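Subject: Structure handover

Hi,

Here is the structure I promised you. Please open it beside this email and follow along.

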Amino acid sequence: MTSQPDATGHFGPYGGRFVPEVLMAPLEELEQAYRAASADPSFQAELTDLLTHYAGRPTPLYYARRLSETLGGAKIYLKREDLLHTGAHKINNCLGQALLARRMGKKRIIAETGAGQHGVATASVCALFGLECVVYMGEEDMRRQRLNVFRMRLMGANVVSVTNGSRTLKDAISEAMRDWVTNVHSTHYLLGSALGAHPYPLMVRDFHRVIGDETRVEILKRESRLPDSIFACVGGGSNAIGMFHAFIGDENVKLIGIEAGGRSLQLGEHAARFAGGAPGVLHGAKSYLLQDADGQAALTHSVSAGLDYVLIGPEHAWLHDRGRAEYTSCSDAEALAAAKKLARTEGIIPALESAHAVHEAVRRAPAEPGRLFVVSLSGRGDKDTDIYRENFPELDASGK
Amino acid sequence: MQPTRIQKLFDRTRKEGRAALIAYVTAGDPSPERTPEIVAALERGGVDLIELGVPFSDPIADGPVIQRAAARALKAGTTVPKVLDMARAIRKTSEIPILLFTYLNPVLRYGLDKLARDAKAAGIDGCLLTDVSVEEAEPYVNAMRAAELDTVFLAAPTSTERRLNQVAQYSTGFVYLVSRTGVTGERADLSGSLVPLLEKMRKVTKLPLAVGFGISTPDQAGAVANLADGVVVGSAIVRQIEDDPNRLEALARSLAERMKK
């Protein structure tokens, strides 16, 4: 099963390559370049060196003792991707793809971003390699993640505001694809999640696989056994697939993906694709899509911009249908409460995305004493300070 | 299989020594009720084939003009069944060939087989899905063939020789050549990549070749008519609908006058 996707980029009935003809040959070229690079020891050596000395790998697998003891059940470990340079796991994929772009002779990088974490990581690697950087970001996301907009600009990126549709990640991806269709000869599209047309879901997963690989080695060292349950939030699904992949063959390890439950599970109020979606095609791949009866993509909502997206990565759809991973959702309010709980018990402020995963682990822990949990703490909460302030006014000095 | 209206059209225009004028309109823009009269005006002005666009929420291959049209059409309540109604209404008074033009998801949601049957019954002659590559085309092409609908695929300046061959194999009616890399929209000049693409495509197929993306003025249309079997004008038509639909017939006429080789 780890040989997924097949040669044409399908994970069972999902994935594939659904793009305008202009992009087909460039995707074939990208796939060939990626396959050649992954087999090239010098590429791997350079990537490993950058992951170590630039990004800060390996990240700690931290035993959250106080959190676990407070809950009085399972033993909870946190995979600290939040400690990476630029503040989230996104840098793993950005370094890999930037090296690939350089190898392919592309001098211009475009990217989409939701929460801004992928945009910041992209801006950072572009500065590092001296590449031109254009980041598409929904106007609504620019408003709620304005600190990240500034960080990108400080590193020399051109952040382009996307004002159509829901003005969030979906529209930012559409706009990035339009740019790519136009400038395909000079430009590499540095897609930030395990989404899009083949080979992106494969390539992005592989660049994040290090998350699960490190976790596996470290937990065996510390506990002499594999974890019972692994938790990761799922927007497009990059940190989750990177974490899950090292454990897919271990049937006793439960893989739990947490989607954004938003305000409610009514269409338009959330981004829980498995709760309200059906198979569909968007942005190059077939997967579970939130859509209306006429096949129009639905609007979504989440307090967390990084999970606020209508389509789940195709490999997750396949893991879901096979029953190998289970998927649940966490509401805005639950994510906020989980963030506060982690901050108060461990002194760690998680990104709102990661707080969704924390919530599910916290919810299950009391009933599972003796079990080992690992939570992918995919990002840190600095970027969400404004949202936390809005939601915890009692803590704000300027508040009542 | 009987020749479709699309195939008969190109037989006729070839005999007449001219290119076919193909107009794209977004169905339901500005409202579902207006589409049949818009098509009638275009036909009076000399348009030979209508690409009837089903609006989609995320039109990644389209520039701002057609994006706005799709948004207007969706806001006006356009759905796939309503687009089929529009086709039926057009068919009451016209034999103009109609090519359904959209993205895969609305079609998938409606059901491939059901759409093919219902489209045929509504008087539609063929279909083009911008985001369906030949690699993913099998189920779609089979459904369309079973209903005797043409399937038109895109060829692009980036397409390799192998891909152009596949595009030719999967296409019936005509092949749609994308004149440049990029989204739909009006451009000041014609792309230098067009002539090489036409030459490569001619080598692999006898199907009529239509050219679109970026053609907006009568001069551009005339230049392309000298090279290809069909000239597609999209954004310029949609913009005219946005600005002043009463002048649509005159716009079509100014383009149709330039179709002679």
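Thr86(A) sits in the loop between strand S4 (75-80) and helix H4 (90-103) of chain A. Helices (H or I, at least four residues) and strands (E, at least two) are DSSP runs, numbered from the N terminus. Thr86(A) is not a glycine, yet its phi is positive, about 75 degrees. Most residues other than glycine have a negative phi, and most peptide bonds are trans.

Some ground rules. This is a predicted model, where local features need pLDDT of at least 70 and side-chain atom pairs count only at pLDDT 80 or more, while totals for chains, interfaces and linings use all residues. Residues are numbered from 1 along each chain as its sequence is written, chains are lettered from A and ligands numbered from 1 in the order in which they are written, and side-chain values use heavy atoms, with hydrogens and water left out.

Cis peptide bonds

Which bonds are cis? The bond from His198(A) to Pro199(A) is cis, with omega near 15 degrees. Pro199(A) belongs to the loop between strand S8 (187-189) and helix H9 (200-223) of chain A. In chain B, the bond from Asp29(B) to Pro30(B) is also cis, with omega near 5 degrees. Look for Pro30(B) in the loop between strand S1 (20-26) and helix H2 (35-44) of chain B.

Where the chains meet

The contact (heavy atoms within 4.5 Å) takes 37 residues from chain A and 38 residues from chain B. The size of an interface is often given as the accessible area lost when the parts come together. Buried area is that loss, found with a 1.4 Å probe and summed over both parts. Here the two chains bury about 2,900 Å² between them, and 52% of it is on carbon and sulfur atoms. On the chain B side, Ile60(B), Arg109(B) and Glu136(B) lose the most area to chain A, together 24% of what that side buries.

Side chains of opposite charge can pair when their charged atoms come close. A salt bridge is a side-chain nitrogen of Lys or Arg within 4 Å of a carboxyl oxygen of Asp or Glu. How many salt bridges cross the interface of chain B and chain A? The rule finds four. Glu28(A) pairs with Arg163(B) in a salt bridge, and their closest N and O atoms are 2.7 Å apart. Helix H5 (104-110) of chain B is among the elements that give two or more residues to the side touching chain A. H5(B) gives the most to that side, with five residues. By class, that side of chain B has 17 nonpolar, twelve polar and nine charged residues. Ala, Val, Leu, Ile, Met, Phe, Trp, Tyr, Cys and Pro count as nonpolar, Asp, Glu, Lys and Arg as charged, and the others, Gly among them, as polar.

Over all chains, the structure holds 59 salt bridges. One of them joins Arg108(A) to Glu132(A), with the closest N and O atoms 3.6 Å apart. That pair links distant parts of the chain: Arg108(A) is in strand S5, Glu132(A) in strand S6 (residues 132-138), 24 residues apart.

Pockets and cavities

Both are found on a 1 Å grid over the protein atoms alone. A cavity is a set of points where a 1.4 Å probe fits but cannot get out. A pocket is an open set with protein on both sides within 12 Å along at least five of seven lines. Lining residues have an atom within 4 Å of a point. Points are joined across faces, edges and corners, and a volume is the space filled by probe spheres set on the points.

The largest pocket holds about 450 Å³ of space. It is lined by 24 residues, with Gly165(A), Phe56(B), Ser57(B), Asp58(B) and Leu74(B) closest to its centre. H3(B) gives the most to this lining, with six residues. The lining has eight nonpolar, eight polar and eight charged residues.

The second largest pocket has a volume of about 290 Å³. Its lining has 16 residues, and Glu140(A), Arg143(A), Arg144(A), Ile387(A) and Glu390(A) lie nearest its centre.

How many cavities of 30 Å³ or more are there? The count comes to nine. The largest cavity has a volume of about 300 Å³. Among its 29 lining residues, His89(A), Lys90(A), Ser238(A), Gly306(A) and Glu353(A) lie nearest its centre. That lining divides into nine nonpolar, 17 polar and three charged residues.

Best wishes
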